[in-house]
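Trainee: Could you walk me through the side-chain contacts in this one?
Mentor: Gladly, let us look at it together.

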Amino acid sequence: MTETRIDLILKNSKYFAYLFENSKREQDRPFCKHDWQHMRDVARIAYILALEKGFFFAKDIIYAAGLLHDIGRWKEYDSGEDHALTSAHLARELLVGANYSDEEIKTIVQAIKEHRKGGANASILGQILCRADDLARPCLDCKARTSCYKINTMETAKHYLLY
């Protein structure tokens, strides 16, 4: 069986080292975590959103963006630097090691940089990643929702389910 590019990302020891750094910083965090489950949820939701909107991106482009979008979150805890920019920087090496082309890396890294704000000026993949990031939050079932600073802006906090 041939390894896919996603397999190569997931087999890179740095990937799970970054997630481990996130988990150490978020050990006592009552809010959403930036862990493997979140990364996987964002990747899956982003892929569904792209399909629903008729945007064609290769599945492994979308999944790479989703799986890598928050890998630098720990640096924001340590130094205050924007984790979207840090994650984009850290993702580049993992993408090169997984045999993505320069153009694909540019597309994925740009989307990761844009995932916090989205908006009309963001790339299509950046907009998709931003919405997927929000939709991956389990606000309806969150035990910390009464103290969450984002609760009033989160689509998943509404009293209806998305379908």
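Mentor: What follows covers salt bridges, then aromatic pairs, then charges over rings.

Trainee: Before that, what should I keep in mind about the model?
Mentor: This is a predicted model, in which local features need pLDDT of at least 70 and side-chain atom pairs count only at pLDDT 80 or more, while totals for chains, interfaces and linings use all residues. Residues are numbered from 1 along each chain as its sequence is written, and side-chain values use heavy atoms, with hydrogens and water left out.

Trainee: OK, how many salt bridges does a search of the whole structure find?
Mentor: The search finds 10 salt bridges, a salt bridge being a side-chain nitrogen of Lys or Arg within 4 Å of a carboxyl oxygen of Asp or Glu. One of them joins the side chains of Arg5 and Asp60, at 2.8 Å from N to O.

Trainee: Why does the pair of Arg5 and Asp60 tie together parts apart in sequence?
Mentor: Arg5 lies in helix 1 (residues 5-10) and Asp60 in helix 4 (residues 59-68), so the pair connects parts that are 55 residues apart in sequence. Helices here are DSSP runs (H or I, at least four residues), numbered from the N terminus.

Trainee: And which residue forms a salt bridge with Asp78?
Mentor: That is Arg25, with the closest N and O atoms 2.7 Å apart. Because Asp78 lies in helix 5 (residues 73-79) and Arg25 in helix 2 (residues 13-25), this pair ties together parts 53 residues apart in sequence. Asp78 is partly exposed, at a relative accessible area of 48%, and Arg25 is also partly exposed, at 27%; buried means under 20% relative accessible area, exposed over 50%, and partly exposed in between, with a 1.4 Å probe and protein chains only. Arg25 and Asp78 also belong to a network of salt bridges that links them with Glu21 and Lys24.

Trainee: What about Glu76, is that residue buried or exposed?
Mentor: Glu76 is buried, with a relative accessible area of 19%, and its side chain meets that of Arg116 in a salt bridge of 3.7 Å, N to O. Arg116 lies in the loop between helix 7 (102-114) and helix 8 (124-135), and Glu76 in helix 5, so parts 40 residues apart in sequence are tied together. Arg116 counts as partly exposed, at 42% relative accessibility.

Trainee: Switching to rings, how many aromatic pairs are there?
Mentor: The structure holds four aromatic pairs, where rings of Phe, Tyr and Trp (its six-membered ring) pair if their centres lie within 6.5 Å, and planes under 30 degrees apart count as stacked, over 60 as edge-to-face and the rest as tilted. Among them is the tilted pair of Phe16 and Trp36, at 5.8 Å centre to centre with 55 degrees between the planes. Phe16 lies in helix 2 and Trp36 in helix 3 (residues 36-53), so the pair ties together parts 20 residues apart in sequence. Phe16 is partly exposed at 37% relative accessibility, as is Trp36 at 30%. The rings of Tyr18 and Trp74 have centres 6.4 Å apart and planes at 20 degrees, so they are stacked.

Trainee: Are Tyr18 and Trp74 buried or exposed?
Mentor: Tyr18 counts as buried at 11% relative accessibility, and Trp74 counts as buried at 14%.

Trainee: Last topic, which residue lies over the face of Tyr100?
Mentor: Arg5 does, at 4.0 Å from the ring centre; a charge sits over a ring if NZ of Lys or CZ of Arg is within 6 Å of the ring centre and within 35 degrees of the ring normal. The charged end of Lys59 likewise sits over the ring of Tyr47, 5.3 Å from its centre.

Methods. Helices (H or I, at least four residues) and strands (E, at least two) are DSSP runs, numbered from the N terminus.
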